[in-house]
Amino acid sequence: MGAVLGMSDSDPKDVRSWSGPINNLAEDERRSLVDSMSADTRPRIAIAEALRNRWFEIWYQPKIDLKRKCLAGAEALARIRHPHLGVLLPGSFLPDVDEESVAELAQHALVATLCDWSMFEEAGFNLHLAINVPVGVLLKLPIPKLVAEYRPKSARWPGLIVEVTEDQIVRDIALAHDIANQLQVSGIKIAIDDFGAGYSSFSSLRDLPFAELKVDRSFVMGCSTDATNAAICQTAIDLAHRFGSAAVAEGIETQADLQALMVMGCDFGQGVLIAPPMPKERFLELLRQRMNKPRAASPKEAMQAGGKPVGRVA
């Protein structure tokens, strides 16, 4: 197993202190992200142009184990760092794009993520990494060949998680089942993304081999106060567990929602409350900082070192 990183040295129940949310981003990155999210007319960048000029970056959003309160993995997300426009979100390059271009981007992200795992492993971290790939693109890409060529050589590699949205799965359950079985041979597991938005029947998912069920952010937001959202979240979490899979809440933005999800028994969580997506180099820097942070000595260790037991009067 890789290093286990506590989310908070001062209060293990406060996951917000794991990464210091958006403050981990440089000022230009924060400004670019805010500008691109709020702009009414986003600049449109062609995927082919971005790949040709090497403008694409893979950013990582940490995924936290809510029960053990430690880092479990990260989701890989595509960003463009344009020389004049700054950091651009997918809204600037994905809408209305053709499937061939999406396939090019997906292959780039797959190879980059496989290579990045080895970099994280060399630094002492064994992380479960995940990427988003549409079902149609999974059929176009030579996944087994790519994984065989670029997969980490380490025996510690836990495999890769490919997130596919629920609405794509329900269009053809049989096809999704075949794809999932084929990917398993290559060490790739399926996660059902945006669950709750695709209206799939529970019986249709019964025979689909999936590793994670990711609750759609629209239900996670306000689950601490909205009875309907809370019921949907609880049902999704229970369903994942009945299928022997993990439940993941995405889009966690408030402490109240986080606490509610923990009470519901949710396994993993991600969202800006915990940590925003960040450049690979910044993510790695953050991991190293937490790895090197001195650990407080236990009372027994303090006594062995010649100190006085904690909490006792001399």
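Good morning. I begin with two helices: α3 passes α5 in a right-handed crossing, where right-handed means that the near helix is turned clockwise from the far one by less than a right angle, and left-handed anticlockwise. Helices here are DSSP runs (H or I, at least four residues), numbered from the N terminus.

Please note that this is a predicted model, in which local features need pLDDT of at least 70 and side-chain atom pairs count only at pLDDT 80 or more, while totals for chains, interfaces and linings use all residues. Residues are numbered from 1 along each chain as its sequence is written, and side-chain values use heavy atoms, with hydrogens and water left out.

Two packed helices are described by the angle between their axes and the distance between the axes. Helix α3 covers residues 99–122 and helix α5 residues 143–150; their axes lie 10 Å apart at an angle of about 30°. That makes α3 roughly parallel to α5 (angles under 35 degrees count as such). The axes are lines fitted to C-alpha atoms over the stretch in contact, and angles run from 0 to 180 degrees between N-to-C directions.

Which residues meet? From α3 come Q107, L110, V111, L114 and C115, and from α5 come I143, L146, V147 and Y150, contact being heavy atoms within 4.5 Å. By class, this contact has eight nonpolar residues, one polar and no charged. Ala, Val, Leu, Ile, Met, Phe, Trp, Tyr, Cys and Pro count as nonpolar, Asp, Glu, Lys and Arg as charged, and the others, Gly among them, as polar.

On a 1 Å grid over the protein atoms alone, a cavity is a set of points where a 1.4 Å probe fits but cannot get out; a pocket is an open set with protein on both sides within 12 Å along at least five of seven lines; lining residues have an atom within 4 Å of a point. Points are joined across faces, edges and corners, and a volume is the space filled by probe spheres set on them.

How many cavities of 30 Å³ or more does the structure hold? There are two.

Finally, the largest pocket holds about 1,200 Å³. Of its 42 lining residues, E75, L77, L94, N132 and D193 are the closest to its centre.

Key:
Parallel < 35°, antiparallel > 145°, perpendicular 65-115°, else oblique.
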